[in-house]
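Hi everyone, thanks for making time.

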Amino acid sequence: SMVENARQGYANGSVPPLGYTSKVVELRGEKQKKKWAVDEKGAQLVRKIFDLCINGDGTYGPMGIAKIRLWLNAHNYVTQRGAKFHNSAVHKILTNETYLGMATFNRKDSRDQEVRPEHEWVKVPVPPIITKDIFHKAQALLANRRPNVTAPRTTSSDVLLGGIAFCAVCGARMKIRTGKPKSGTFR
């Protein structure tokens, strides 16, 4: 019955993601049928998180997940439950396709949390909060910053060509000289 309810476009009682709220749209006898609607205050925060990812805050360029978390907490933003943001919450927002206007129901088996085959998923239309263009830009930036693609020390390094320029003699990566060797002279 829950799958059929989702196929008809109704919410099944789960807590909607940041930026959405559950609203009663129909009564069937004593049963309330709900759909997700945009919660404008939460939607503004979601748009801000995507903007920080793509453009930064004016001080820094595009931000990664950890910097976004630090920025949100420094500016006293909180999650739906009133808690500080964690990296996982920021990541979940930036990768959630629901913000494009299509929520997915029946993705996981509730008993063992195993992901179901995609043909069993039910797509439920919801109002979009961001555009496809913004979402895909954010996904490209996140994919490029993944630690298994580019080491974090390379992207956050003060060395402009760190990870790109190498020593012609020994093949070591370019880095800042931070001390004096025991011999007393630099090579």
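I'll start with the overall layout, then go through some helices and finish with a few loop residues.

A word on ground rules. This is a predicted model, so local features need pLDDT of at least 70 and side-chain atom pairs count only at pLDDT 80 or more, while totals for chains, interfaces and linings use all residues. Residues are numbered from 1 along each chain as its sequence is written, and side-chain values use heavy atoms, with hydrogens and water left out.

Okay, the layout. The chain has six helices and four strands. Going along the sequence, the order is α-β-β-α-α-α-β-β-α-α.

How much of the chain is buried? Of its 187 residues, 28% count as buried. Buried here is under 20% relative accessible area, exposed is over 50%, and partly exposed is in between, using a 1.4 Å probe and protein chains only. Then there are the contacts, meaning heavy atoms within 4.5 Å. Among contacts between residues at least 6 apart in sequence, 46% join residues at least 24 apart.

Now let's look at α2. The buried residues of α2 are Gly 42, Ala 43, Leu 45, Val 46, Ile 49, Phe 50, Leu 52, Cys 53 and Ile 54. What covers them includes β2, residues 31–38, along with α3, α4 and α5. After α2 comes Gly 56, which has a positive phi near 85°.

On to helix packing. Two packed helices are described by the angle between their axes and the distance between the axes. For us, axes are lines fitted to C-alpha atoms, for helices over the stretch in contact, and angles run from 0 to 180 degrees between N-to-C directions.

α2 and α3 pack at about 135°, with their axes 10 Å apart. That makes α2 and α3 oblique to each other. The cut-offs are under 35 degrees for roughly parallel, over 145 for roughly antiparallel, 65 to 115 for roughly perpendicular, and oblique for the rest. Who touches whom? From α2 we have Leu 45, Lys 48, Ile 49, Leu 52 and Cys 53, meeting Ile 68, Trp 71 and Leu 72 of α3.

And how do α3 and α4 pack? Their angle is about 110° and their axes are 9 Å apart, so α3 and α4 are roughly perpendicular to each other. On the α3 side, the contact is made by Ile 65, Ala 66, Ile 68, Arg 69 and Leu 72; on the α4 side, by Asn 87, Val 90, His 91 and Leu 94.

Next, α5, residues 132–145. This helix has 14 residues and reaches 20 Å from its first C-alpha to its last, close to the 20 Å expected. Which residues of α5 are buried? They are Phe 135, Ala 138 and Leu 142. These residues cover an arc of only 65° around the axis, which puts them on the same side of α5; the arc is that of the directions from the helix axis to the C-beta atoms. The background is that an α-helix has 3.6 residues a turn, so residues three or four places apart point the same way. The buried residues of α5 pack against α2 (40–54), α3 (65–74) and α4 (87–94). On the face turned away from the buried side, you'll find the exposed residues Lys 132 and Asn 144.

Last stop, the loops. Take the one between α4 and β3, where Asn 96 is found. With 18% relative accessibility, Asn 96 counts as buried. Leaving out residues up to four places away in sequence, Asn 96 touches Pro 17 and Phe 135. Asn 96 and Pro 17 are 79 residues apart in sequence but 8.8 Å apart in space, C-alpha to C-alpha.

Thr 98 is in the loop between α4 and β3 too, and at 8% relative accessibility Thr 98 counts as buried. Its contacts, with that sequence cut-off of four places, are Pro 17, Tyr 20, Trp 36, Ala 103 and Val 126.

Finally, a backbone detail. Most residues other than glycine have a negative phi. Asn 76 has a positive phi of about 60° although it is not a glycine. Asn 76 is in the loop between α3 and α4, and counts as exposed at 66% relative accessibility. Gln 113 also has a positive phi of about 60°. You'll find Gln 113 in the loop between β3 (102–105) and β4 (122–125), partly exposed at 47% relative accessibility.

How values were computed
Helices (H or I, at least four residues) and strands (E, at least two) are DSSP runs, numbered from the N terminus. The expected span of a helix is 1.5 Å times one less than its number of residues.
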